[in-house]
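Colleague: Hi! Could you walk me through this one? I'm new to it.
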Amino acid sequence: MSLIELADLQQRHGARTTLKGVSLNIERSEILAIIGPTGAGKTTLLRLIDQLDRPASGKVLFDG
């Protein structure tokens, strides 16, 4: 069972799509790095995982 499961996350800021179709499973005791250029959506992804923002579509599950 995954600790964190992301399923088809999408996020928009106005007319701009910042995340599109992000799916990911993070297992317990797994270490993961998120890398990318400025504006790639790294902070947006973390804000969705932390539930500071709500996704436009998709889901975030924590510990089932």
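Modeller: Happy to! One term to begin with: buried means under 20% relative accessible area, exposed over 50%, and partly exposed in between (1.4 Å probe, protein chains only). This is a predicted model, where local features need pLDDT of at least 70, side-chain atom pairs count only at pLDDT 80 or more, and totals for chains, interfaces and linings use all residues. Residues are numbered from 1 along each chain as its sequence is written, and side-chain values use heavy atoms, leaving out hydrogens and water.

Colleague: Okay, so is Asp-53 buried, exposed or partly exposed?

Modeller: Asp-53 is partly exposed, as its relative accessible area is 23%.

Colleague: And which side chain does Asp-53 meet in a salt bridge?

Modeller: That of Arg-47, at 2.8 Å from N to O. A salt bridge here is a side-chain nitrogen of Lys or Arg within 4 Å of a carboxyl oxygen of Asp or Glu. Arg-47 is partly exposed too, at 35%.

Colleague: How many salt bridges are there in the whole structure?

Modeller: Two. Asp-63 and Arg-28 also form one, at 2.4 Å. Asp-63 lies in the segment after β3 and Arg-28 in the loop between β2 and α1 (42–49), so the pair ties together parts 35 residues apart in sequence. Helices (H or I, at least four residues) and strands (E, at least two) are DSSP runs, numbered from the N terminus.

Colleague: Switching topic: what about Ile-4?

Modeller: Ile-4 lies in strand β1 and counts as buried, at 14% relative accessibility. Beyond its neighbours within four places in sequence, Ile-4 has contacts (heavy atoms within 4.5 Å) that include Leu-24, Ile-49 and Phe-62.
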